[in-house]
Amino acid sequence: MATGQIFSRTTQALFYNYKQLPIQRMLDFDFLCGRGTPSVAGIINPGSEGFQKLFFGQEEIAIPVHSSIEAASSAHPTADVFINFASFRSAAASSMAALKQPTIRVVAIIAEGVPESDTKQLIAYARANNKVVLGPATVGGIQAGAFKIGDTAGTLDNIINCKLYRPGSVGFVSKSGGMSNELYNTIARVTNGIYEGIAIGGDVFPGSTLSDHVLRFNNIPQVKMIVVLGELGGRDEYSLVEALKEGKIHKPVVAWVSGTCAQLFKSEVQFGHAGAKSGGELESAQAKNQALKEAGAVVPTSYEAFETAIKESFDKLAEEGKVTPVSDIKPPAIPEDLSIAIKSGKVRAPTHIISTISDDRGDEPCYAGVPMSTIIERGFNVGDVISLLWFKRSLPRYCTQFIEICVMLCADHGPCVSGAHNTIVTARAGKDLVSSLVSGLLTIGPRFGGAIDDAARYFKDAYDRGLSPYEFVEGMKRKGIRVPGIGHRIKSRDNRDKRVQLLQQYAHNHFPSVKYMEYAVQVENYTLSKANNLVLNVDGAIGSLFLDLLSGSGMFTKPEIDEIVDIGYLNGLFVLARSIGLIGHTFDQKRLKQPLYRHPWEDVLYTK
């Protein structure tokens, strides 16, 4: 066990198991104290490497993340404190690994409930190698104006109220982390403040004892008096009694052992800590307080009188000139986190993204304001979800059913089309699902499946301007533009596309109006007079029928319809639909365990 000071203004720590808030609190304390370097040198997050961004005052800094204790210790040889935020299941193993690093002197174990047999092994190893263990079940410790562990001393407001940003003259040790905060406040009110404060932890076998730290405080010149807060259970306080009796402690000790109310209960009482349970008369708070008083410590008559006892002891030292007055300083203001400042209404911050279709901030996600539970309870289909996320409104059932029909009819068109071919080749190259899917999707454009929007644009413009099919087709010809939605490599007047017929039949049965589709059919009749394969294809059918859906439903204004067509909503239907087929082709090739594809030589014309 160390015999003197264990922290300083240059102390740095390794933080095990990334926890953003306690690390940020340590860095804020560093800035408050005017430290030049952050007290957290590195973070250990098993299985992860890289950096974590945190704040050091106004400046954003990147703290290295290491995947192992050994790697972190090697990378940061000056970091000699290990702060362990592992769970009780793994805290012992990681703490032992840290103690075995030659650079680590102090290990703080935050978890409670660490198996006692494991704790005993840690204690034995630490004592044999002159190292310090705080905990298990500790909040840690603090050296005022220099260094603090994790959440020690609580919020910044509490730290400032307790004047922990600069050193005082009192050494304090307690079993309880929560009560430490209370005593930091008490000591700040009646003395010049804390020099060092330690919470040893509330488990039955703490890694270091009250007397270990009191003896350390006795050897630190800046500590002029010592305050001890014990509790019923165990016999740790008796080692302090022996040290007092043997004259090993030369500074005033003010002590109180909490738990005197236990005698009011007829049965044995277990307080919050595992070790706070009296196992007999000697372990009672009354017996310990009496023993400490007889050994020479200042022991008040109750906890309420503890503050007065601390004040009187400090005042006596001051009168004797043994305490050097501490000049108070004004600590720098810690910049407030933007998220906190926004919530409190102190600042306005511009947003970076606007979203009008979904919101996941409440109890459940909403699509266009419709809660997920409503979507399920009302039996919405995929078409309904598309109507909410794409069009921001609930369309009539015939509309959402038509959307689903489009998706089903366009889901796949065999393995030979360009998109499916690309996907198959990529899948056979051993690539993952997303890569295979994207390779197929990237072929979608004006020549493959990308004509739905153009068909809708041109049919709408021609119909709205009152052009006859002759004027429309011949006008497009003069511009050198093929009519989108007209023409097919295989289908013809005598071999109609069944998909087009199904879409037209559905629209005739359900749509209030099919004026755009009828216009597209008139255009088809004219183009068929030119060539047998210039039929209305599935792109033209979907494009014209979607115009009828938008205008006939009565739910869209003319500017909204123009915007939907202009943005490219309708091609989105083909992208969504064909993704189903491309995914199917990917799975098909992988299921068949097909080898790498190589195009046959005989299918290539080699020429100069």
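**The open sheet and beyond**

Modeller: Seven strands form an open sheet in the order β3-β4-β2-β1-β5-β6-β7, and the pairing is mixed. Its edge strands are β3 (50-56) and β7 (132-134), each of which pairs on one side only. On average, neighbouring strands of this sheet are turned by 25° against each other, direction ignored. Keep in mind that this is a predicted model.

Strand β6 (residues 106-109) pairs with β7 in the parallel sense, over three bridges.

Now step to helix α4 (residues 116-128), which holds Y125. With a relative accessible area of 25%, Y125 is partly exposed. Leaving aside neighbours within four places in sequence, Y125 is in contact with M96, L99 and K100. For a sense of scale, take N219, 94 residues from Y125 along the chain. The C-alpha atoms of Y125 and N219 are separated by 24 Å.

Next comes strand β11 (residues 194-199). Six of its six residues are buried. Strand β8 (residues 140-143) joins β11 through four bridges, and the two run antiparallel. In that pairing, Q143 stands opposite E196. Strand β10 (residues 170-174) also pairs with β11, here in the parallel sense and over five bridges. F172 stands opposite G197 in β11. In a regular strand, side chains alternate between the two faces of the sheet.

R216 sits in helix α7 (residues 210-218). Its relative accessibility is 0%, so R216 counts as buried. Not counting residues up to four places away in sequence, R216 touches M1, A2, T3, G4, Q5, I6, E196 and I198. Among these, E196 is the residue that Q143 stands opposite in β11.

N381 caps the N-terminal end of α13. A side-chain oxygen of N381 lies 3.0 Å from the backbone nitrogen of G383. Just after α13, K392 takes a positive phi of about 60°.

Last, a helix pair. Two packed helices are described by the angle between their axes and the distance between the axes. Helix α17 (residues 452-464) packs with helix α20 (residues 515-528) at an angle of about 95°, and their axes are 10 Å apart. That angle makes α17 roughly perpendicular to α20. From α17, the contact uses F459, K460, A462, Y463 and D464. From α20, K515, Y516, Y519, A520 and V523 take part. By class, this contact has seven nonpolar, no polar and three charged residues.

Notes
Residues numbered from 1 in each chain as written. Predicted model: local features only at pLDDT ≥ 70, side-chain atom pairs only at ≥ 80, totals over all residues. Heavy atoms only, no water. Polar contact = N/O pair within 3.5 Å; in protein donor to acceptor, adjacent residues only side chain to side chain. Axes fitted to C-alpha atoms, helices over the stretch in contact; angles between N-to-C directions. Parallel < 35°, antiparallel > 145°, perpendicular 65-115°, else oblique. Contact = heavy atoms within 4.5 Å. Nonpolar A, V, L, I, M, F, W, Y, C, P; charged D, E, K, R; others polar. Buried < 20%, exposed > 50% of the residue type's maximum accessible area, 1.4 Å probe, protein only. Pairing = 2+ DSSP bridges.
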